[in-house]
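Trainee: I would like to learn to read a model like this one, feature by feature. Where do we start?

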Amino acid sequence: MTRAAVSQLLRSMLGAADAEAAIKVADRMPIVDVSWHTRQQLQARAATGADEREHRTPQQQQDARWNLEVVLVRRGGGSCRPGSGAAAPRVVAPLFPKVKEEGWWVVVGHAPSLELLALKRVSFAGKATVRLNFPAATSAAHELHTVSLFLISDCYMGLDQQYEVVLDESAAAAARAPTSQFARSSWAAEAQGRADNAGAEGKVDGGEGSNVQQGKDGAAVAVAG
């Protein structure tokens with residue numbers, strides 16, 4: 001839909017004055033492009049390939065970490081030329097008691113194990129580079145092959161973004177294969193057990209309190225009734 005068509009639709013719904021105000025607010029909404037690259041490091045020595053990763057000692061596995069560099073480029077109303085040093089744009093919040101600048105949370109997590117790995121808050125006008133460092137394995141010593149990257153606005157709803165970051169291409173591909181030994185990971189089995197317990201408790205409480213459905217990764221998921 002073209003801008004003219006949107007303007008005409010809003011005018012028919014809100015009237016000329018309110019439609020103009022709504023368009024001005026929409027023009028100031030941030031659009032942020034997200035890109036990243038990763039690099040693994042060991043505390044003692046650098047990794048040299050997949051064979052070495054498979055033969056790491058438990059201590060080496062615990063010491064291994066990932067560096068994730070995230071580049072944010074703001075487009076949309078209120079954006080400034082990258083590197084201009086301008087302050088972050090002000091938030092459209094007429095009922096907020098004081099002036100507020102846009103802020104963003106950059107978060108790295110691992111959904112299967114429900115672990116928060118790293119986070120950092122940033123405010124910027126044109127472009128920002130955020131560097132995050134997190135362990136190469138979960139707290140249960142499961143090596144990370146993929147993680148979730150979130151960009152979360154601290155002021156606007158509906159603008160959050162989520163991406164899957166692949167750390168190890170070969171291992172991630174093996175984990176996605178239906179016949180792979182990774183297809184039923186230990187945390188999926190633990191999720192199955194928790195879902196079974198939740199389903200049993202639902203039946204005791206009334207029979208229709210919850211049910212269990214099959215999730216994408218093969219694990220059962222408890223769903224509220």
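Mentor: Start with the terms for strands. Helices (H or I, at least four residues) and strands (E, at least two) are DSSP runs, numbered from the N terminus. Two strands pair if DSSP finds at least two bridges between them. One caution on provenance: this is a predicted model, where local features need pLDDT of at least 70 and side-chain atom pairs count only at pLDDT 80 or more, while totals for chains, interfaces and linings use all residues. Residues are numbered from 1 along each chain as its sequence is written, and side-chain values use heavy atoms, with hydrogens and water left out.

Trainee: What is the bridge partner of V106 in β6?

Mentor: V106 pairs with L151 in β6. Next to that, W105 has I152 as its bridge partner in β6. Strand β3 (residues 104–110) and strand β6 (residues 146–153) run antiparallel, joined by six bridges. Strand β6 also pairs with strand β7 (residues 161–166), again antiparallel, over six bridges. There, L151 stands opposite Q161.

Trainee: How many bridges join β3 to β4?

Mentor: Seven, and these two strands run antiparallel. H110 faces E115 of β4. The hairpin of β3 and β4 has four residues between the strands.

Trainee: How many helices and strands are there in the protein chain?

Mentor: Six helices and nine strands. Of the contacts with a separation of 6 or more, 60% link residues 24 or more positions apart.

Trainee: What does pLDDT tell me, and what is the average for the protein chain?

Mentor: pLDDT is the predictor's confidence in each residue, from 0 to 100. The chain averages 77, and 65% of the residues score at least 70. Residues 44–48 fall below 50, with seven contacts beyond near neighbours in sequence. Residues 203–225 are also below 50, with 39 such contacts in the model. Where pLDDT is low, the predicted coordinates should not be read in detail.

Trainee: What share of the 225 residues is buried?

Mentor: Buried means under 20% relative accessible area, exposed over 50%, and partly exposed in between (1.4 Å probe, protein chains only). By that rule, 32% of the 225 residues are buried. Strand β3 is mostly covered, with six of its seven residues buried.

Trainee: Which residues touch the most other members in the largest nonpolar core?

Mentor: In soluble globular proteins, nonpolar side chains tend to be buried together. A nonpolar core is a set of buried Ala, Val, Leu, Ile, Met, Phe, Trp, Tyr and Cys residues joined through side-chain atoms within 4.5 Å. Here the largest core has 25 residues, and L72, V106, V108 and F134 touch the most other members. At least two residues come from each of β1, β2, β3, β4 (115–122), β5 (127–135) and β6. Take L72: leaving aside neighbours within four places in sequence, its contacts include V32, V34, V106, V122, V130 and L151.

Trainee: Where is A88, and is A88 buried or exposed?

Mentor: A88 sits in the loop between β2 (65–76) and β3. A88 is buried, because its relative accessible area is 9%. Beyond neighbours within four places in sequence, A88 is in contact with E101, E102, S123, F124 and A125. The C-alpha atoms of A88 and E101 are 5.8 Å apart, though 13 residues separate the two along the chain.

Trainee: Why is the pair of W36 and Y163 tilted?

Mentor: A pair of aromatic rings is described by the distance of the centres and the angle of the planes. Rings of Phe, Tyr and Trp (its six-membered ring) pair if their centres lie within 6.5 Å; planes under 30 degrees apart count as stacked, over 60 as edge-to-face and the rest as tilted. The count comes to one aromatic pair. The ring centres of W36 and Y163 lie 5.4 Å apart and the planes meet at 55°, so the pair is tilted. W36 lies in strand β1 (residues 30–41) and Y163 in strand β7, so the pair ties together parts 127 residues apart in sequence. W36 is partly exposed at 31% relative accessible area, and Y163 is partly exposed at 27%.

Key: Contact = heavy atoms within 4.5 Å.
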